[in-house]
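Please consider the following points on how the two parts of this protein meet. They are set out in order, from the division of the chain to the make-up of the contact surface.

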Amino acid sequence: MKPKDKITFINAAFEKRFPAPKSELEYATPFQLLVATMLAAQATDKKVNAVTSVLFKSCPDAESMSRIGLDDLREIIRSINYYNNKAKNILAASNTLVTEYNGNVPGTRTALENLPGVGRKTANIVLANAFGEPVMAVDTHVQRVSNRIGLVKTDKPRDTEDALIAIIPPELIINFHHYLVLHGRYTCKARKPLCRECPIVEACDYPEKQFGAS
Ligand code: SF4
């Protein structure tokens, strides 16, 4: 299947399986999305949601977050991997948002990536989900699934991002990101992909498809 036909096929299949695709992180504002995404590195969305359900009650925005003490923030997020560094970065980023952006999250890549603890992947997630920019955040699921399917052939996330952006029509990119993440999380799992119940098996080039009992 040619790459363009593959994208069309996969998009149609996932539109049916995930009719309203979205991040599984819970947030109400761009600021909360930014914080949840910063917390989500090396942590499950479920665990992040458990922590932010408490954190966002007392610190729903950059101003309130910038006023929480480091020790208090550490304590609230201590069940998350790398909580110490994450607490420092969230506090520093909140301070920057208050002093330089009137408490708002900026909508440009440069400004986002200049915030402490914010790299390209986090910036892409915020740009796509808070600002509707057609950018592709490459996490472990996007990297694995897009290589297995044969949409890209690279172990470098940045190359994967560029290759996906080049072949997916801009209007499909935001949903396509969610499709790849959700498919990777629930079906095309790292160790044991559930190929028997995969809706895009015909479009997949992975030579080690598994059709055993799921
Ligand atoms: S056929 Fe298997 S390896 Fe290919 S995308 Fe589906 S679950 Fe993943």
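1. The protein is divided into domain 1 (3–21 + 136–203) and domain 2 (30–131), with bounds that come from an automatic or database domain assignment. The model is predicted: local features need pLDDT of at least 70 and side-chain atom pairs pLDDT 80 or more, while totals for chains, interfaces and linings use all residues. Residues are numbered from 1 along each chain as its sequence is written, and side-chain values use heavy atoms, without hydrogens and water.

2. The C-alpha centres of domain 1 and domain 2 are 27 Å apart. Contact (heavy atoms within 4.5 Å) joins nine residues of domain 1 to eight residues of domain 2.

3. Between them, the domains bury about 630 Å², with 48% of it on carbon and sulfur atoms. Buried area is the accessible area (1.4 Å probe) that two parts lose on being put together, summed over both. On the side of domain 1, A137, E161 and I174 lose the most area to domain 2, together 48% of what that side buries.

4. Two salt bridges are counted between domain 1 and domain 2; the term requires a side-chain nitrogen of Lys or Arg within 4 Å of a carboxyl oxygen of Asp or Glu. R185 forms a salt bridge with D45, and their closest N and O atoms are 3.3 Å apart.

5. Helices are DSSP runs (H or I, at least four residues), numbered from the N terminus. α10 (157–167) and α11 (170–186) each supply at least two residues of the side of domain 1 that touches domain 2. α11 gives the most, with three residues.
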